[in-house]
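I opened the notebook for a look at one chain today.

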Amino acid sequence: MPDEKDKKEEAKAEGKAEKPAKKAPAKKESKPKAEKKDAAEKKDSKEKKPAAKKEPKADKAEKDGKDGKAEKKPRRAKKADKAEEKKPAPSRRRPRAPEELPVVRASAKYVRVAPRKARLVADQVRGLHIEQARALLEFSPRGAARDIQKLINSAAANAENNHDLVGDEMKIASITVDEGPTLRRYRPRALGRATPINKRTSHIAVALTPVEDD
């Protein structure tokens, strides 16, 4: 049956023509040879490098000591050692020099005289010998001279009784007049007014020293 064979062959040929041709699988892109070589060389270099040995702590300390970079810190002193090292606190009183002359003081407070008037007399007797100061104050016309004269006599008595010194062989080393409290009073004036009056007071201090023998 030649006709049937020819039909079968034609049908097969048509079926093959209809089937799409299969795509060939895409080949994987291969890395270039140069990159492969570099990667291989890196691996070899890593394998060849020996692991760095850690130096023991003792060797490091010895090296630092030789180089002078690190030195051992001194141990802290104990509390007992610190207490021994502490010096006693200096006393508040200033030690008197062997050749320093003694100073005898006396003071009068709330003296009923204005400081400005008392300073005029104090400036006259400052630095004088006690006998000269007494003579000047005895014949001074100012009212503050009486109070300052009494104060100088009191300081001379303190030198004799408390310090075993001769009162007549002293000189006035310093004399100061400070302002004290002010007493406020009022005086009646004309037309029912009042005028204030300030009654001032003074604090006087004297220091005597022995006269140096020439």
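Which residues are linked in a network of salt bridges? I looked this up in what is a predicted model, and I found E131, R134 and D168 joined in such a network.

Entry: I checked the E131 and R134 side chains, and they meet in a salt bridge at 3.6 Å, N to O. Both residues sit in helix α6 (residues 130-138), and being three residues apart there, they are separated by about one helical turn. I also looked up their accessibility: E131 is partly exposed at 38% relative accessible area, and R134 is partly exposed at 22%.

**Entry: the other pairs.** My search of the whole structure gave four salt bridges. One of them pairs R200 with E179, at 3.7 Å from N to O. This pair links distant parts of the chain, 21 residues apart: R200 lies in the loop between β4 (194-199) and β5 (202-210), and E179 lies in strand β2 (residues 170-179). R200 is partly exposed, with 37% relative accessible area. I also noted D123 and R126, whose side chains meet at 2.9 Å, N to O. R126 counts as partly exposed, at 37% relative accessibility.

**Entry: the whole chain.** I counted seven helices and five strands. From the N terminus, I read the order as α-α-α-α-β-α-α-α-β-β-β-β. Of the 214 residues, 17% are buried. The chain exposes about 19,400 Å², and carbon and sulfur atoms supply 50% of that. For contacts between residues at least 6 apart in sequence, I noted that 68% join residues at least 24 apart.

Note on methods:
Residues are numbered from 1 along each chain as its sequence is written. This is a predicted model: local features need pLDDT of at least 70, side-chain atom pairs count only at pLDDT 80 or more; totals for chains, interfaces and linings use all residues. Side-chain values use heavy atoms; hydrogens and water are left out. Helices (H or I, at least four residues) and strands (E, at least two) are DSSP runs, numbered from the N terminus. Buried means under 20% relative accessible area, exposed over 50%, partly exposed in between (1.4 Å probe, protein chains only). Contact means heavy atoms within 4.5 Å. Accessible areas come from the Shrake-Rupley method with a 1.4 Å probe; for residues, only the protein chains shown count as cover.
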